[in-house]
Amino acid sequence: MIYLDNAATSWPKPPQVALAMQRFLTEVGATPGRSGHRLSIEAGRIVLEAREAIAELFSVRDPLRVAFTANATEALNTVLLGFPVPGEHVLVSGLEHNSVMRPLTELHRRGTDHTVLPHAGDGTLDPDEIRKAVRPGTVLLVLNHGSNVSGRVLPVREAGRIARELGLYVLVDAAQTAGCIPIDLERDGLDFLAFTGHKGLYGPQGTGGFVLSERVDPRHVRPLMTGGTGSRSEHTVHPDFLPDRFEAGTPNSVGLAGLAAGVRFVLEKGVDEIRRHEEMLVARLAAGLADIDGVTLHGMARPGERTCTLSFCMRGIATSDVALRLDEEFAVLARAGLQCAPLAHRTLATFPEGTVRFSPGFFNTSEEMDAAVKAVATLAAAARRSAG
Ligand SMILES: Cc1ncc(COP(=O)(O)O)c(C=O)c1O
């Protein structure tokens, strides 16, 4: 079996992830930050370890500025629904996932408007478009760091610089890039960074979070939820300090134990080494697919400007049939359709059919890329024959 669906969730995970989760369940098990006993203290230490690992990965000085959520979706919702106020305005890239576009649609209903920045047909974004689209009341720029459809990496540092010059805050969705593209919160000029734990950070599903830069006053972001935090229990008013402001209720401690191990794996391997291997895989895949008569790659960016994800269509076969046949006949696991990103597909002119998406990961090999290309070539040859 060849798993090429790492943009949905990474698999396999490094063995230490399952071991850390097993250790948590069998030897620790308690609630962090609540009771004062030894197991609770150990659980708190493990959650702090996860926080510190994330802070190290994104060069964040204060780990308490990392807030954990169930996934990137909850992190993005927290910032989008909690930061702008009615009457304000948001700029957004044309490559966004529905975890940004749906909260923005909800926000529109509540009186906060947004504008989608124009892109070139291949998905390129000229950061100068930000200057043209800004208007009185614009407070936030939202950028998908890496497209989950085409793998294109947006120029967040340059866009961030322009946005700051214009007095905007910058929210980056790093769901597809955390762990495989270097991110430095301060150097890149980002204010909010949303990440998910179960893709390039190799943690389990049900983990994620966001980081707030030191420029952001947490009191200016309303939390999605309030409740028990184990702190200031004498008050019914939710704490306004970090990370408690955004972490109501018992956390997914077992998941965070796994996430800590996943991020440690990334830090030990090094983002650059992970990226080198993934760039080799995607280059091989792209070259092989580009040679097949009847296959069209969509939105493919140049080396250095892409993640390990690519999208293609095949003449004469619907994308869902391609993915089904790749699975059933060749044991190649891909994802077809709109990948929860209809806006990105509109930008790339692949809406409404969508694409077939291959997203290899660090544990894939070049032999697997060749086998996947061969499988696509076999399907394309069959489609050409049946077209006559
Ligand atoms: C670009 C992008 N943003 C956000 C998300 C949402 O991540 P999660 O499902 O972990 O909330 C995804 C996941 O597919 C994604 O690819």
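This is a predicted model: local features need pLDDT of at least 70, side-chain atom pairs count only at pLDDT 80 or more; totals for chains, interfaces and linings use all residues.
**Entry 1: overall form.** I began with the whole chain. I counted eleven helices and 13 strands in the protein chain. The C-alpha trace spans about 75 × 55 × 35 Å along its principal axes. I then looked up the radius of gyration, which is 21 Å for the protein chain. A compact globule of 388 residues would have a value near 21 Å, so the two agree.

**Entry 2: burial and contacts.** I looked up how much of the chain is buried, and 52% of the 388 residues count as such. I also checked the contacts between residues at least 6 apart in sequence; 71% of these join residues at least 24 apart.

**Entry 3: domains.** I noted the domain assignment next. Domain 1 takes in 2-9 + 270-387, and domain 2 takes in 15-269. Their centres, taken over C-alpha atoms, are 28 Å apart. I found 32 residues of domain 1 and 30 residues of domain 2 in the contact.

Which elements supply at least two residues each to the side of domain 1 that touches domain 2? I listed α8 (271-290), β10 (310-314), α10 (342-347) and β13 (355-358). Of these, α8 gives the most, with six residues. I sorted the residues on this side of domain 1 into 14 nonpolar, twelve polar and six charged.

**Entry 4: ligand.** How many residues surround the ligand? I found 13, and the closest are N71, T73, N148, A175 and T196. By kind, the shell holds nine polar residues, three nonpolar and one charged.

Technical notes
Residues are numbered from 1 along each chain as its sequence is written. A residue is near a molecule or strand if its C-beta atom, placed from the backbone, lies within 6 Å of it. Ala, Val, Leu, Ile, Met, Phe, Trp, Tyr, Cys and Pro count as nonpolar, Asp, Glu, Lys and Arg as charged, and the others, Gly among them, as polar. Domain bounds come from an automatic or database domain assignment. Two residues are in contact if their C-beta atoms, placed from the backbone, lie within 7 Å. Helices (H or I, at least four residues) and strands (E, at least two) are DSSP runs, numbered from the N terminus. The radius of gyration is taken over C-alpha atoms; the globule rule is 2.2 Å times the number of residues to the power 0.38. A residue is buried if 20 or more other C-beta atoms lie within 10 Å of its own, exposed if 12 or fewer, and partly exposed in between; C-beta atoms are placed from the backbone.
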